[in-house]
Amino acid sequence: MVVLVIIIVTMAIKDLNRGREIETQTLLEKSTVLIRAFESGARTGMGMRWRHDLRQTLLEEMAYQPGVLYIAVTDPSGKILAHSDPTRVGTQLYSPQEMKSLNVASTERWRFTHFIDEQRNSQNAFEVFRLFKPTQQDPHRGHMNRHNVVNPAITASGDGENNAIFTAFDTTTLDATQAKDIRNTLIFLSILLLLALVSMLALYWARRYQQSSRQLQEEVRRKDKLAAIGNLAAGVAHEIRNPLSSIKGFAKYFESRSPPGSEEQELAKVMAKEVDRLNRVISELLELVRPVDLSFQRVNINEIIEHSLHLIRQDAESKHIRIQFDSNKNLPMIELDPDRFTQVLLNLYLNAIQAIGNDGTLTVSLELVEGSGLRIGIKDSGKGIPPDDLPHIFDPYFTTKASGTGLGLAIVQKVIEEHQGRISVTSTPQSGTLFILMIPLTHSGELTSDKPPRKVPRHDNA
């Protein structure tokens, strides 16, 4: 659209200039014909010994042509020798300095200037001027009338070789035509810009609709995936847990019967530990797919965050990770499930600690966003998330950790959505990751008592 506007503006300017050039050339030709006609009449009058008043009469008659403002003959100093307005004879048309700057020559020159009429009104004028040559032969008349000798008496009466002749035409029609062309061009450009704006808005809303449609489809696919996983998990969880309980019982039995410190005892411990890990995976899977029963309470978000940070502070300090959190006492009470929301924060904290490794910073920020609710930012100075992995971090079973289950962030997203909020993430490799939680201040669900949140046990995985 920008390129199209530039092209059209350029073409419009060229058309305007071309039209003005044509009108200017027309006025120049009219002025040239008028000057030559007066010179021819003056030459004829010189041959017939006309008096000066007869040539003045000829000048006045020729000025009656449509559009002619004046015709004047001046001496080199700008004094008027003859003028279509006889009252101007003997006055100055231009000062000697102006005449010098005009640099009157033997060929026609033109300019746009201003003309002051008898009522002292100013109007635009197209003026053509050159040296007045009544004694030179017209080349278009062949070999006739080759009278090139100047009579001293005639020269003294105002027909000197350095005298100048001026003609001025009214440019009202030219100005009106150009103003009309400019007005039409501006109207056309306004329509074009309006169409461009409408097109851009239509494109914007089409993109918004398309994005809302690629998000809705993605949400439907995610829900379908969770539903399929839920059907599978519900069907096999009971059958898997029963054998796991038996396997763990046998592992404990062999551990107690093995000599302390023996290889058999270590293998039994590993077996029991792996059974616990499998049982935890099944529990997290069931938590991901089954409906969440939230217990909403009106709580102080500062207390929730301070409590959750207290649970991971020991792990952070052991790895020399600084925790930064400035509570905002001006925030209103917020409606959420304190237990489940604390689990969300713990998962994100533990992910951040694992991403940092050692010697880094974990920053938690709070901000009240008008019209959106509460904004919670959790930022780490860790290694970041590769761009190819970023779109998949909320997918179930997607993980880059050797011991991870790939369900932590999926559960986080589900709990946030159950709170009618949303979660987003930005990450730069080797610079850290920022998770943004947007939570509404109120919830449509039923509130329970304003009791303080219970302590949530620390998770070993995120």
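Trainee: What follows H9, and what's its phi like?
Mentor: Gln420 follows H9, with a positive phi near 60 degrees. Helices here are DSSP runs of H or I, at least four residues, numbered from the N terminus. Mind that this is a predicted model, where local features need pLDDT of at least 70, side-chain atom pairs need 80 or more, and totals for chains, interfaces and linings use all residues. Residues count from 1 along each chain as its sequence is written, and side-chain values use heavy atoms, without hydrogens or water.

Trainee: Why is H9 largely enclosed?
Mentor: Nine of its 11 residues, in the run 408–418, are buried, so the rest of the structure largely encloses H9. Buried is under 20% relative accessible area with a 1.4 Å probe, protein chains only.

Trainee: Which ones are buried in H9?
Mentor: Gly408, Leu409, Ala410, Ile411, Val412, Gln413, Lys414, Val415 and Ile416.

Trainee: New topic: which residues touch the most other members of the largest nonpolar core?
Mentor: Ile301, Ile305, Phe341, Tyr349, Ile376 and Leu437, out of 43 residues. Such a core joins buried Ala, Val, Leu, Ile, Met, Phe, Trp, Tyr and Cys through side-chain atoms within 4.5 Å.

Trainee: And which helix gives the most to this core?
Mentor: H8, residues 338–356, with 10 residues. There's also a separate core of 19 residues, including Phe132 and Phe169.

Trainee: Back to Ile301, what does that touch?
Mentor: Leaving out residues up to four places away in sequence, Ile301 touches Leu331, Ile334, Leu336, Phe341, Leu366, Leu374 and Ile376. Contact means heavy atoms within 4.5 Å.

Trainee: Which H8 residues does H7 meet?
Mentor: Among them are Phe341, Leu345 and Tyr349. The H7 side includes Ile301, Ile305 and His307.

Definitions and conventions. Buried < 20%, exposed > 50% of the residue type's maximum accessible area, 1.4 Å probe, protein only. Helix = DSSP H or I, 4+ residues; strand = E, 2+ residues; numbered from the N terminus.
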